[in-house]
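Here's a quick briefing to read alongside the model. Take a look at the picture, then work through the points below.

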Amino acid sequence: MMLNKLKRILGIVVLGLSSLYVNAQTVAATKNDSVDVMRSNGKIFVVMAVILIIMVGFFIYLFSVDRKVCKLEKEKH
């Protein structure tokens with residue numbers, strides 16, 4: 001039961017982030033100067049790495065909380 005709720009939340013997060021990504025692509029297409037500067041300096045990879053680290057940390061935290069809640073639910077019943 002909790003796993004279904006987790007899947008639903010994860011789906012909402014993925015859809016929300018994908019819509020932000022699409023929006024960022026349209027904004028970036030109009031402002032090529034800033035994107036080109038970040039790519040030429042290599043900073044775009046730093047930004048992407050930081051975002052990836054934050055997302056991985058969030059999902060690890062989410063799964064650990066889910067396991068703890070499931071463990072508490074099993075102990076209760």
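pLDDT is the predictor's confidence in each residue, on a scale from 0 to 100. This is a predicted model, where local features need pLDDT of at least 70, side-chain atom pairs count only at pLDDT 80 or more, and totals for chains, interfaces and linings use all residues. Residues are numbered from 1 along each chain as its sequence is written, and side-chain values use heavy atoms, with hydrogens and water left out.

**Confidence**
- The chain has a mean pLDDT of 77, and 71% of the residues score at least 70.
- Confidence is lowest in helix H2 (residues 32–41), with a mean of 67, and highest in H3, with 89.

**Fold**
- You'll find 3 helices and 0 strands here (DSSP runs, numbered from the N terminus: helices are H or I with at least four residues, strands E with at least two).
- Val46 sits in helix H3 (residues 43–76).
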